[in-house]
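Have the model open as you read.

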Amino acid sequence: MTSAETVRRRGGGEEDFGRAMLNILDDAGQEQRRQEDSQRAMLNILEDLDTEKMRLESTQRALINMLDDLEVERRNVDRTNIELREVNEAMRSFIDTAAHDLRSPLASMVGFSTLLATNWAALSDESRLKFVTTIDRQSHKLTWLVNDLLTLSSIEGGVLTTTPQQLVVAEAISACLAASNQDTENVAISCAPDLVVWADPLHLGRIIDNYLQNAFKYGQPPVRIEAGRRKDMVEIRVLDHGPGVPPEFEAKLFGKFARADLPSTRRMTGTGLGLSIVRGLAEATGGRAQYRANVPHGSCFIVLLPTGERSGP
């Protein structure tokens, strides 16, 4: 073999070796790219899994919130059902009481008027006066109940007629005491003679009288009426020294048909409309009705009304 052939063979071998190395490097590069593609694919899968995880967590939170809302709604429904049952019970009690209070005076009026009509000549003047007095008393009782029902209906229907004007509070209290069918001689009054209030005179008298009736019926003497300024309002308070209102019943005190179920009150008749009417009458003139316990014991019923130092409510 000549030296030229040897050189050619050596050159050819080197070229084959170079091509082999290039092929190896190319294969290595392709493998690296494949691994990078696989790595990117794995990263994408991991990102997708993380996104799916966050989506599932978000869905889980939404479901938990939905369950919480459902639980709150269930409690609201349960509370509403309890309130409805209480209203139904109060309504039934009211209907029973109202039916009795309507039937009883009517029966007395019919009975005594029939006796007067059929036995007038045979009755003595004393018996006639007694029968007429009974009829008068029962008619007033019946009128009071009917007025309560009509007033409540007007308040609930938003058609209550109110004619507010400037009133001297002390005079309004004195007029209410004079017209009351209770023994009000021992009711103490604390009120400045120049204190004025913006209120409907009939409604104010009704409010004070309802508070007094409540104090005489459920409270104990001494009963006291106080009135004074409270910022831009006039505050009238009727206080007694009875057992007071149970704390658990205070929130329902001014509701319709509200009557506390206590041993001391179960035998007492009444529709439970008085305080609800007080609240409606007070709010009709821009005022409000409140209650707080008297100290050391008893009840303090309050009505806040606008002062009379204005031209309108």
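Helices (H or I, at least four residues) and strands (E, at least two) are DSSP runs, numbered from the N terminus. The model is a predicted one, so local features need pLDDT of at least 70 and side-chain atom pairs count only at pLDDT 80 or more, while totals for chains, interfaces and linings use all residues. Residues are numbered from 1 along each chain as its sequence is written, and side-chain values use heavy atoms, with hydrogens and water left out.

**Overall layout**

The chain has five helices and seven strands, and from the N terminus they run α-α-β-α-β-β-α-β-β-α-β-β. Of its 313 residues, 31% are buried; buried means under 20% relative accessible area, exposed means over 50%, and partly exposed is what falls in between (1.4 Å probe, protein chains only). The accessible surface is about 20100 Å², with 56% of that belonging to carbon and sulfur atoms. These areas come from the Shrake-Rupley method with a 1.4 Å probe, and for residues only the protein chains shown count as cover. Taking contacts (heavy atoms within 4.5 Å) with a separation of 6 or more, 69% are between residues 24 or more positions apart.

**Surface patches**

Patches use residues with over 30% relative accessible area and no salt bridge, joining like charges within 9 Å and nonpolar side chains (Val, Leu, Ile, Met, Phe, Trp, Tyr) within 5 Å. M42, L43, I45, L46 and L49 make up a nonpolar one, with about 490 Å² of accessible area together. L49 sits in helix α1 and counts as exposed because its relative accessibility is 53%. There's also a negative patch, made of E47, D48, D50 and E57; E47 belongs to helix α1, residues 3-119. Here Asp and Glu count as negative, Lys and Arg as positive, and His and the chain ends aren't counted. A charge is placed at NZ of Lys, CZ of Arg, CG of Asp or CD of Glu.

**Salt bridges**

Side chains of opposite charge can pair when their charged atoms come close. The rule here is a side-chain nitrogen of Lys or Arg within 4 Å of a carboxyl oxygen of Asp or Glu, and it gives 12 salt bridges. Three of them are below.

| Pair | Closest N and O atoms |
|---|---|
| D78 and R74 | 2.7 Å |
| R128 and D125 | 3.1 Å |
| R237 and E226 | 3.1 Å |

R237 is in strand β5 and E226 in strand β4, so this pair ties together parts 11 residues apart in sequence. Both R237 and E226 are buried. Through shared partners, salt bridges link R224, E226, R230, E235 and R237 into one network. D78 and R74 are four residues apart in helix α1, which means about one helical turn between them. R128 and D125 are three residues apart in helix α2 (residues 125-157); R128 is buried at 17% relative accessible area, whereas D125 is exposed at 56%.

Most residues other than glycine have a negative phi, and most peptide bonds are trans. K231 isn't a glycine, yet its phi is positive, about 60°. Cis peptide bonds join P221 to P222, with omega about 0°, and V295 to P296, with omega near 10°.

**A buried proline**

P306 lies in strand β7 (residues 299-306) and is buried, at 3% relative accessibility. Not counting residues up to four places away in sequence, its contacts include V197, W198 and D232.
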